[in-house]
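Here are my notes on this one, written for someone new to reading structures. Have a look at the picture first, then go through the points.

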Amino acid sequence: MRVGLPRALLYFKYYPVLEQLFRSNGWEPVVSTPTNKRKLEQGLALCEDEVCLPVKVMMGHVRSLAEQDIDALFVPRVVSLERKRYFCPKFLGLPDMVRCSLGNEIPLISPTVNLSWSRLKIWQEGLKSCNCLKPWRWWLSLNSAARIHRRHLQAGEPVSPGGGKRVAVLGHCYNIYDEYVNFGLLNTLAQLGVTVLTVENFTREQIEEGARGLSKDLFWSYGRDVVGAAFYCLARGAADGVILVASFGCGPDSLIIEIIQQRFARFDIPLMCLTLDEHAADTGLVTRVEAFVDMLNWRDVC
Amino acid sequence: MLKIAFPHLGYCAIPLRAMLARLGHEVVVPPPISRKTIDLGTRYGPEFACYPLKLGLGNFIEALEMGADTLLMGGGIGPCRFGYYAQVQKEILASLGYKFRMIVIEPPLGHARQVLAAARELKGKESWLALAEAAWLALFKLRACDDIHRACLYWRPRVVDKTGLSRLYKKALAAVDRAETPGAVREARAAALAAMEKLPQNAVVPPRVALVGEVYLLAEPAANLYIEEKLGNMGIEVVRHVWISEWLKVNIFLDFLRLRRREQAEKLARPHLSCFVGGHGQHSVGETVKAARDGLDGVVHVYPFTCTPEIVARGIMHKIAAKHGLPLACFSLDEHSGEAGFVTRLEAFADIIRANRSKKEAVRHG
Ligand code: SF4
Ligand code: SF4
């Protein structure tokens, strides 16, 4: 069975787990090609104006997959990947939004993903949402996926160990790793010779340590990781500068930026916020990033 | 004794003031939301935060200027932004140099200890019984205000003298505010309802539209640009299902007792939006379905600009409305929403509703 897997949203962080799950259940993953102009335009056409950029991009990927030869489309309803921490409301409503704009063209596979459930319950939910799973095989693949997930959570190598200034680039995985929407931000930074750190380069313990600086624990997994990493950089000087990448129209981002800005205002590590939207031009963004890195380099001289 | 203030939410200042005053605190009711409040909130609030956060911030600044030393605010556990409002507002106010304490009331289920601590602080030297009594009076007042407001929505399109009705409404709320006992509240409520009924009416049966959306915008007229009053004055009856007292009952009491059941709107929404998406997103969808089923003449959707749950709902509501041929007007509002454009769109919507109505009537009689 050929199952469409949009290269958008959480794909960027969890594709090893997803591909493993797909293959071990005998599905052939059909991953959409990277975001491009056409996908973005299709996404814009399918969404309400006020929807955040990443969801518009997601819709573009969904549309382009729908035009391919696939038997089903995988759009999970991601509720929670950690206890008492959630994703934003759009992740909860995503399958409904997709169904609403796609109609019944292609069957959707949209299991509810809530890792605070027991594995047995997750297994049942999978069977319920998709009747083509073989119970026994599904159980085994679930176990191996859990192993990969756990390994995946450990800190990886810095994205470009350039040896220069260390810049933490923090934000949603789908903004950081989607080169089209961020105009090749990571590449630009690598060319400028800096060492790029993303949320994935911080260990769980480091993020926990940073997040302890919050007056109330954040209930968004992603937001907590970003704030934790940012605060850790402050406390331990783990980076020479921090770039926050946000999307226009993102609910959680609007508060997370504020929390981080308030804290950074009292310290000496430079912070830059980039807000991505569909109208942004790449030249402006590249110039700003270059100026930021120049500033970091000059700070030593003066 | 605390000098305590809270953000505005429609007429909720009435029950809150009653409760806190009962407990012997000095209550600093911030001035009603004005352009100044909006400007303060926008100047100091995060640029892309939702509108309620900014307005609440404006309220707090004005109250602190009036000498409040304690701020009362609600909490939450996500997935929506509201649960983190208090912390963000607190940081901003502190960075502006204000000295104050903030009491945050979290949802009781799962936060029993925090709620108890907050309650202890609010009750001060009074007994627990006094706290219960004060809360009871506040609830009573809230219910009365909701009833009066509901009646006002019903009568506004029907009565001839709309300003007279507004005057009556204000007077009734003031009477509830003054009442000292549940009995007096009951009397004030009954008197107001009777007086509204006696106003001279015109003979037409007004078209009815459902007003749905995010709860703060529904309950705070200054934030929704007085949409209920405007629609009513255009001769359209506004039907609203989200009420603060109901909301408290379902989401605080029943939830705490683990007796919360799915509400009707949530059930109706499930085929289209099958899970809770934070805020009132699922309600908005459910009530659109209900409006179609009950044969209402239209739906008006109001929410703060970039409000996540309502945006999820909006696309789905458009589909449902189109399927049933139900006119749907969506207003996403914030500090930039101009009065002029708003009124024009509302009038255009009212025209469609009335045209549909006469078409329907022609079919019925012809
Ligand atoms: S977290 Fe922000 S960017 Fe991501 S889907 Fe939600 S609103 Fe959009
Ligand atoms: S429901 Fe809307 S307005 Fe309320 S916190 Fe959530 S996003 Fe903001």
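**Notes on the ligand shell and the chain contact**

1. Sorted by class, the shell around ligand 2 holds eight nonpolar, one polar and two charged residues. Here Ala, Val, Leu, Ile, Met, Phe, Trp, Tyr, Cys and Pro are nonpolar, Asp, Glu, Lys and Arg are charged, and the others, Gly among them, are polar. Among the residues around ligand 2 are C50(B), R81(B), E214(B) and T308(B); a residue is taken as near if one of its heavy atoms lies within 4 Å.

2. Before going on: this is a predicted model, where local features need pLDDT of at least 70, side-chain atom pairs count only at pLDDT 80 or more, and totals for chains, interfaces and linings use all residues. Residues are numbered from 1 along each chain as its sequence is written, chains are lettered from A and ligands numbered from 1 in the order written, and side-chain values use heavy atoms, leaving out hydrogens and water.

3. Where does ligand 2 lie? Domain 1 (3–124) and domain 3 (205–366) of chain B both give residues to its shell, so ligand 2 lies between them. The domain bounds come from an automatic or database domain assignment.

4. Now the two chains. 33 residues of chain A are in contact (heavy atoms within 4.5 Å) with 37 residues of chain B.

5. How many salt bridges are there between chain A and chain B? The count is four, each a side-chain nitrogen of Lys or Arg within 4 Å of a carboxyl oxygen of Asp or Glu. E91(B) forms one with R266(A), with the closest N and O atoms 3.8 Å apart.
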